Amino acid sequence: MRDLITIAEAARRAKSIVARLGATEKQRGLYAIADTLMQNTPAILAANQLDIAAAQENGQNAGLIDRLTLTESRIADIAEGCRQVAALPDPIGEVLWQHTRPNGLRIGLRRVPMGVVGMIYEARPNVTVDAAALCFKAGSACILRGGKEAFHSSKCLADLMRQALTACELPADAINLVEDTSRESATQMMRLNGYLDVLIPRGGAGLIRSVVENATVPVIETGTGNCHIYVDAQADLDMAARILENAKCQRISVCNAAESLLVHKDVAETFLPLAAKVLAPHGVILHGCPRTMEILGDSVLPATETDYAKEYLGYEISVKIADTLEDAIEHINRYNTGHSECIVTESYSAAQQFTDEVDAAAVYVNASTRFTDGFAFGFGAEIGISTQKLHARGPMGLEALTAQKYVIFGNGQVR
């Protein structure tokens, strides 16, 4: 097992090689990774079963086990993500703009690789591949440090990707996995100044807070998802029920799942029983305001401030009746995490006000929040959902993993 400094030095050496690779070479490497993953699906599933068994033995919750679990279908999706990234236009070298100054200087702004990108993440083995593929396509080397819950899966995936690059005579050290999953290794990685150009945490609120508070290297903050569905007075209620069920129940363990339902008072008596009906087969527990409890009865638990601010990542949801659209927007902006928010409405003016005033990375009109995803947005994959406002916001694809460089041509100008 390589120690972290050895890994960091290897990544730093590899970054200049990766940065010089052409679009065709990077594409060849990514297609090779996709093919290798598909060819070794049984080995990946076997490694994943070791992680699942350990998680079950340790009493981990259903949400974590779902995030951890790989299936043939999920592996195929991961491989397809690699192929989509491979097929995307290469961002490196793109000239964003260029102009000539009165003194004759030609000044241009160009996309360049980040260098070495670090990732600290939890029980999400798919991130191992998504992050590696995006970094490689963006001309950077990566250092990946996953959680202990997904160790066997992540190691198998990283080993296969390195094998694929080696077979293509491309630098295997473009992709590096930290096998030490102790807290000490995470802390050391947060302070790899001189090696890491940027560090991206991806996981729960505790992990993200720890990285933001303790890192001395630059950090791009990805966020938790307290996502809301707001059903407006002029909503198609059948559509709203379908969107709610999908956003809450299609996959409970992900950051773009809905965690809170807001309903305009004018449609609450009609919609709330419909909402309860679509959520009941999934066993969703409702935490509601007093008026919600009046309509739905004792099956609803009283909602607290903690409930309205909580990312459940499970079969629970907070519910509140809003008197006006403005009340709903105020509630969302108070409790949300800046991730994804949805309004269901047939009113153009309500949709416009919601999209203008809700502070979030992604704002939906009449569609499930589950689409906030690099794959769904056509990015091939994502390295995370940024909920901050500097550099990148929302699903982070290739462009978010590049830096910029000014290139200036002159003919002897002095100042």
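Mentor: Helices (H or I, at least four residues) and strands (E, at least two) are DSSP runs, numbered from the N terminus. This is a predicted model, in which local features need pLDDT of at least 70 and side-chain atom pairs count only at pLDDT 80 or more, while totals for chains, interfaces and linings use all residues. Residues are numbered from 1 along each chain as its sequence is written, and side-chain values use heavy atoms, with hydrogens and water left out.

Trainee: Which strand gives the most to the lining of the second largest pocket?

Mentor: Rolling a probe the size of a water molecule over the atoms shows where empty space is left. On a 1 Å grid over the protein atoms alone, a pocket is an open set of points with protein on both sides within 12 Å along at least five of seven lines, whereas a cavity is a set of points where a 1.4 Å probe fits but cannot get out; lining residues have an atom within 4 Å of a point. Here strand 16 (residues 402-409) contributes three residues, the most to that lining. The second largest pocket holds about 360 Å³ of space. Its lining numbers 20 residues, and F379, G397, L398, E399 and A400 are the closest to its centre.

Trainee: Which residues line the largest cavity?

Mentor: They are G146, G147, A150, F151, S154, L177, V178 and T181. The space in the largest cavity is about 30 Å³, a volume being the space filled by probe spheres set on the grid points, which are joined across faces, edges and corners.

Trainee: What is the order of the strands in the open sheet of four strands?

Mentor: Two strands pair if DSSP finds at least two bridges between them. In this open sheet the order is 5-4-3-6, with parallel pairing. Strand 5 (175-177) and strand 6 (198-202) are the edge strands, each pairing on one side only. Strand 3 (residues 116-121) is joined to strand 6 by five bridges, and G118 stands opposite L199 in strand 6.

Trainee: Is H331 buried or exposed?

Mentor: Buried means under 20% relative accessible area, exposed over 50%, and partly exposed in between (1.4 Å probe, protein chains only). H331 counts as buried because its relative accessibility is 7%. This residue belongs to helix 14 (residues 325-335). With contact meaning heavy atoms within 4.5 Å, H331 touches H228, S260, L262, Y308 and K320, not counting residues up to four places away in sequence.
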